[in-house]
Amino acid sequence: MKPVEQYWNPVLETLPREKLQRLQLKKFQNIFRWAYENSPFYHKLYSEAGLEPGDIKTFDDISKVPKMEKSMMKGVQGKDPYPYGDILSLPLEQVTEYRQTSGTTGQPIYQADSWQDWEGGVEAYCYALYAQGYRNSDRIFVPFGYNIFIAFWTYHYAGEKLGCEVIPGGVLNTEARILKMQELRATAMGATPTYVLGMAETARKMGIEPAKDLYIKKITCAGEPGACIPATRKRMEDAWGAKVYDQAGSTEIGHWGWECQHQCGLHANEAFYLVEIEDIDTGELITEPGRRGKMVVTTFDRMAQPCIRFDSKDIIEWSPIDRCECGRTFRLLRGGVMGRADTITKVKGVLLAPASIEEVVRAIPELSDEYEVLVAKKGDLDDITLKVELISGQERNVDAIKARLVDQLRVKTGLGYNLEFHDYGTLPRYDGKAKRFKDLRHKE
Ligand SMILES: [Zn+2]
């Protein structure tokens, strides 16, 4: 095991941009050559584009490489070598890990890793945990059954690799998890923002005030936007008396971004990943801050099932802060992952990111953490309904709350809504990723 201090590596993490890009070019050339030579899927993709490994000579040449997306992976999987298909770049015998996407948008993606790939992914995550203040004195509780999903497996193993003590909290129900955390005085946990808020609510019902009666000081959030949305972060930090950090990743990519203790945006982990932002309409690469686009990402060190210029459809933007106080030169993304290109949708002709509705709802303390958005067609027009829950005892203030909601929603999203106020505890609760945004227009 490496001493924990080695996960602050100034040689790697504070490289000037020019040197960092040289390192990224070299790593890109390696993975490109590897995929071209070992994966029939990639060989065909690149041959058809007239590209060979020797053609990537400069950093700018990278943008000539064709992108790859989920539908293409779905097209090959289920074939030999079963079930990954010919995207696999290593003999099947060398695959040691199976994971898959949650498949909320249809058929899941199967992800193969070799032991070396897995160790590389865990190593990359260790840098994130160190930057968030995790040390070998921490006792981490993971309130999830990880099953076939990647996020908390990596969190678990990275915690161990860093020397923390790690308690897997799967199978237990929420009440039992809270009691276990209390009994063992866990100091850190990882969960989705939805569940972090849900656990606090359950704890209070049990007569336990998380900020006072539990020992959690650090929470790493993954799986949903939220930790980078200021109003949601504040709710979580207030409830738990802990610092909350965002962490971004996915099954096909790995954990490519994280927040450091300064919490000023998501650092792209540029030593292990190449993060590019592309204009959704024109495909042009965006290098300046403040302009939203979708992420195109390359994982440098995943060999079994390479992820090269993967069109992730995650909506991100570069931050105007060009140097974080932590000293790391890895670029910052403002607001983390704001949603996916397929959830950022046009409503009444306006581009709507569900995260901006969340920012409004969660900034109003008289409303609970839960909300739901329904978009439907009424005749030819889009009709948008927002359901919120009043905290008990606030029923008589509903008019004033309504006025603030209407006003803030207009400012932040440019849209008018049908507002529905529900009694506390009546909207659905979720254990993992929430499904709060429902677009019913294509189903009618
Ligand atoms: Zn930083």
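Which residues in α11 are buried? They are P354, A355, S356, I357, E358, E359, V360, V361 and R362. Put another way, helix α11, covering residues 354-362, is mostly covered, with nine of its nine residues buried. One thing to keep in mind from here on: this is a predicted model.

**The chain as a whole**

Let's step back from that helix. The chain holds 12 helices and 19 strands. Its radius of gyration is 22 Å, close to the 22 Å that the globule rule gives for 444 residues, so the chain is as compact as a globular protein of that length. If you want a box to picture, the C-alpha atoms fill one of roughly 70 × 55 × 45 Å along the principal axes.

As for what is tucked away, 55% of the 444 residues count as buried. The accessible surface of the chain comes to about 19300 Å², and carbon and sulfur atoms account for 52% of that. On contacts, take those between residues at least 6 apart in sequence: 68% of them join residues at least 24 apart.

Now the charges. There are 59 positive and 64 negative side chains, and the centres of these two sets lie 2 Å apart.

The chain has 17 aromatic pairs.

| Pair | Ring centres apart | Angle between planes | Class |
|---|---|---|---|
| Y125 and Y155 | 6.2 Å | 65° | edge-to-face |
| F152 and Y155 | 6.2 Å | 90° | edge-to-face |

Why do both get that class?

Where do the partners sit? Y125 lies in helix α5 (residues 115-131) and Y155 in helix α6 (residues 151-161), so this pair ties together parts that are 30 residues apart in sequence. Both Y125 and Y155 are buried.

The other pair stays within one helix: F152 and Y155 are three residues apart in α6, separated by about one helical turn. An α-helix has 3.6 residues a turn, so residues three or four places apart point the same way. F152 is buried, and so is Y155.

Which residues make up the aromatic cluster that includes Y155? Y125, Y134, F144, F152, Y155 and Y195 form that one cluster.

Note on methods: Residues are numbered from 1 along each chain as its sequence is written. This is a predicted model: local features need pLDDT of at least 70, side-chain atom pairs count only at pLDDT 80 or more; totals for chains, interfaces and linings use all residues. Side-chain values use heavy atoms; hydrogens and water are left out. Helices (H or I, at least four residues) and strands (E, at least two) are DSSP runs, numbered from the N terminus. The radius of gyration is taken over C-alpha atoms; the globule rule is 2.2 Å times the number of residues to the power 0.38. Buried means under 20% relative accessible area, exposed over 50%, partly exposed in between (1.4 Å probe, protein chains only). Contact means heavy atoms within 4.5 Å. Accessible areas come from the Shrake-Rupley method with a 1.4 Å probe; for residues, only the protein chains shown count as cover. Lys and Arg count as positive and Asp and Glu as negative; His and the chain ends are not counted. The place of a charge is taken as NZ of Lys, CZ of Arg, CG of Asp or CD of Glu. Rings of Phe, Tyr and Trp (its six-membered ring) pair if their centres lie within 6.5 Å; planes under 30 degrees apart count as stacked, over 60 as edge-to-face and the rest as tilted.
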